[in-house]
Amino acid sequence: MNPVDPPQDRPARATSAPAVPAARRTAGHGTPPDTSAPTAPQSSQVSRLAATVERLRQEALEAQEASDGRALIEMAKGILVERLGCGPGEASRQITKLAEQSNTTVLALAVDIINQAARDHVSETAQEFLDSADAEPATPSDLTPAMRLRTAESGMLAATDSQAVATALLENALSALGANGVAIWAVGADSSITLVGQDGFTREDAGRWRYVPPEVATCARLAMNSRELTIVNCLSDSGIPTIGRRQHPDGGRIMIPAGTGGRILGVLEVSWPNPLPAQPPHLLRQLETLAELCSHTLEEEVPDPASRTPRLTGVPELTDLADHLHDPVLILIPSLDSTGRLNDFRIHHTNQRFVDPAGRPRSMVTGTHFLEAYPAAAEGHGLFSKLERVYATGEPLQAPRTTLTAIVDEVPLTSVADVSISRHGTALLLIWRIEDETARLASLLQHAQRLGRVGGFEQNVTTGETSWNDQLFTLFGLPMSASPIPLEEIAAHAHPHDVNSVGRFLRTLLHRLRESSVDFRFKRPDGVTRHIRMVAEPVLDDYGHLHSVRGACQDISAQHWTEVALAATRDQLADSEAESADRSKLALQLQHAIMPPAPAALEVPGIRIAVRYRPAESQSLVGGDWYDSVVLPNNKILISVGDIAGHGIQAATGMVILRNALRGLAVTGAGPAQLLSWLNSVAYHLTSNLTATAVCAIYDPETRRLTWARAGHLPPVLVRGEDAQVFPLTAGGLLLGALPEVTFAEEEVQLQREDILLMYTDGLVERRDISVTDSLTQLLDVASHPAGSLEKRLDNLLTYSASDTDDDTCLIGVQVR
């Protein structure tokens with residue numbers, strides 16, 4: 001809106017309504033007035049009143065805007081008077097003429113003239129907006145960012161306090177950006193914050209937030225600690241308390257530190273009613289400029305740019321305080337550049353106990369700039385950044401083990417110190433305590449004693465005086481105010497079973513004058529019994545007489561109980577190993593009783609049977625491999641081999657069950673397939689989760705015919721001359737015990753004289769690195785080699801077996817005659 005020209009869209013003034021005729025008065029009393037005169041309806045009167053109130057409000061706003069605008073126009077006229085060398089009247093005509101020629105308002109032209117002349121942060125911000133992609137041509141009725149900023153600046157300069165400044169900010173600049181509230185916080189010397197001005201918030205809310213103690217987390221403190229513009233997009237998401245949160249719990253906030261010369265004097269907090277989206281950079285720059293404009297209302301002491309040194313307050317008292325401290329102290333005065341920004345600190349004073357890390361005297365350090373004396377402090381996150389933070393926020397800082405580096409003759413000299421920094425007015429008090437090597441080693445020893453639960457003592461035997469360190473009081477459960485226990489009274493606090501051991505320890509130490517140690521149980525006053533190891537040595541004088549005793553005590557309770565637990569574990573482990581060995585031995589004896597490793601060859605009419613059994617290399621892997629050959633009542637011969645899943649006693653007993661069951665079932669005269677079907681029922685129903693593989697064969701010596709069937713087992717091998725072949729795999733079947741009912745297939749093979757039949761368990765061919773098919777190929781190659789006898793052939797197969805699983809191996813050889 002142009003405050004000079006009359007507004008174009010101002011509502012028309014309400015015209016006066018026709019006068020209503022007055023009621024006629026009569027001479028008589030009590031006569032009612034004549035009601036026949038016309039009167040305006042009640043609703044029409046309310047409408048006219050509302051229109052009048054609105055008109056007066058608009059006129060008040062226009063007057064305020066015109067007042068702010070007139071101040072800027074008058075300032076622009078003054079600039080033209082100085083530049084053109086003309087009078088005020090000519091300057092007024094020139095500014096009006098220039099506005100008409102540029103098709104803009106007088107106020108907008110005045111702001112441009114001021115920006116060109118000032119070249120300050122407001123003009124820079126306005127130029128940034130014009131250069132941004134978001135900038136659009138403004139209509140004559142629009143207020144550009146430059147106009148808003150200059151108008152806000154004019155209102156702030158005319159304000160008498162921070163409350164008026166807050167009102168001017170919201171009305172002239174922030175409301176146009178969509179903000180609904182503004183709060184100005186002042187930072188106290190103790191890092192507290194005080195609400196000194198606000199607009200847009202309720203009086204009750206402002207009263208509750210009048211003062212915020214130090215270290216209380218609020219939105220304003222976020223910007224104070226970070227020392228830069230901070231955005232909270234949504235208050236409900238962040239959970240950070242602040243003024244006005246009850247009114248708009250989902251609103252957004254932007255907080256900007258306000259200060260001069262690197263010192264934060266306060267925080268400008270701007271409120272939006274809704275969550276904040278991403279803000280363009282030029283808008284954030286406008287807010288930073290507004291914060292700079294309102295900083296002058298917060299500044300207590302104005303720096304002198306000419307001297308680049310702020311006015312000092314309270315420094316003599318601070319110097320007197322530093323001279324009475326027992327640690328090295330530096331008093332630092334901020335040094336500002338020509339623009340009023342902090343660039344260094346000057347070392348104003350050092351006390352008598354000041355110690356320079358480079359060994360320089362006080363006279364060489366006092367009066368110099370801090371970065372000149374200690375340039376390495378400017379490194380990232382170094383000491384200088386800590387000084388800047390304390391100077392900006394006023395919050396004291398403790399920084400243990402800070403590195404101090406001084407450069408002398410281009411040689412860096414580094415020390416480690418515990419640093420304390422505090423701000424007093426405009427000055428900083430820097431205290432550093434350089435770490436002494438002796439103190440560092442003493443501290444290291446204390447920590448080592450604490451971690452090792454070790455305490456030291458010394459007793460003068462002449463005077464009886466006993467000294468303990470702090471850790472020993474903790475070890476014995478005594479308060480620091482208690483009297484140490486003399487060596488002679490230790491036995492009274494020991495367990496009765498350890499009294500004799502303590503007595504021997506004291507005799508060796510006090511009478512034989514030899515170093516000694518003892519482990520005993522000490523009952524503390526709180527009733528807890530601890531295991532203590534005491535080591536001591538005698539200290540003799542120049543004449544060889546006992547002068548004192550010094551030693552150490554260590555709490556070995558944890559070690560003792562660990563040793564007890566280990567001993568119990570070893571005993572349990574030994575019992576378990578003995579039990580396991582007995583079980584393995586029993587299983588092995590049972591296996592060998594039924595399946596001898598090398599039984600004698602079986603001579604029956606028409607064939608010769610030889611068996612080789614190789615147990616597992618580890619006795620703990622006693623398996624369930626089994627074989628059997630027996631002449632049946634019908635003169636046929638049963639030959640079988642099988643493998644029980646698992647190891648140990650269960651596998652050995654399962655082997656006995658299946659082997660004997662097959663023998664009993666074979667006397668029925670049934671074929672191999674039927675025998676395996678019955679054996680499957682035995683494994684499924686009469687054992688506990690027993691599974692096995694098996695090959696069952698019945699040989700007829702009269703016809704030399706072999707009938708066989710298999711249950712998940714590897715098929716037999718037939719050696720005829722120098723050719724060895726595996727029986728076909730067509731006779732398949734599940735392993736025994738997997739299902740309640742299984743049907744098996746039979747195969748018949750016609751054997752010839754001198755044929756050799758090989759039946760075996762998987763321990764002969766099973767390998768970890770190759771397939772079973774490749775292992776069978778190697779087996780056939782070894783089996784085809786000529787051998788002098790059946791036993792020699794079986795021995796060769798075991799010797800050159802490809803197996804590497806250390807499993808049991810059972811091998812049966814049948815030679816036809």
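Hi everyone, and a reminder before we start: the model is predicted.

Let's begin with a single residue, S422. You'll find S422 in strand β10, which covers residues 411–424. Is S422 buried or exposed? Its relative accessibility is 16%, so S422 counts as buried. Its side chain makes a polar contact of 2.9 Å with the side chain of H424. Leaving out residues up to four places away in sequence, S422 touches V390, P396, A427, L428 and L429.

The covered face of β14 carries S516, V518, F520 and F522, while S517, D519, R521 and K523 sit on the uncovered one. V518, for instance, has M534 as its bridge partner in β15. The two strands make a hairpin with five residues between them, and in the turn G527 has a positive phi of about 90°.

Last stop, the open sheet. Five strands line up as β19-β20-β21-β22-β25, with antiparallel pairing. β19 (624–631) and β25 (747–750) are the edge strands, each pairing on one side only. Ignoring direction, neighbouring strands here are turned by 15° against each other on average. Four bridges link β22, residues 705–711, to β25, and R705 stands opposite Q750 there.

Two helices join in. Helix α20 (residues 649–666) lies across β19, β20 and β21, at about 20° to β19. Helix α21 (residues 672–685) packs on the sheet too, touching β21 and β22.

Note on methods. Residues are numbered from 1 along each chain as its sequence is written. This is a predicted model: local features need pLDDT of at least 70, side-chain atom pairs count only at pLDDT 80 or more; totals for chains, interfaces and linings use all residues. Side-chain values use heavy atoms; hydrogens and water are left out. Buried means under 20% relative accessible area, exposed over 50%, partly exposed in between (1.4 Å probe, protein chains only). A polar contact is a pair of N or O atoms within 3.5 Å; within protein, one must be able to donate a hydrogen and the other to accept it, and residues adjacent in sequence count only if both atoms are side-chain atoms. Contact means heavy atoms within 4.5 Å. Two strands pair if DSSP finds at least two bridges between them. Axes are lines fitted to C-alpha atoms, for helices over the stretch in contact, and angles run from 0 to 180 degrees between N-to-C directions.
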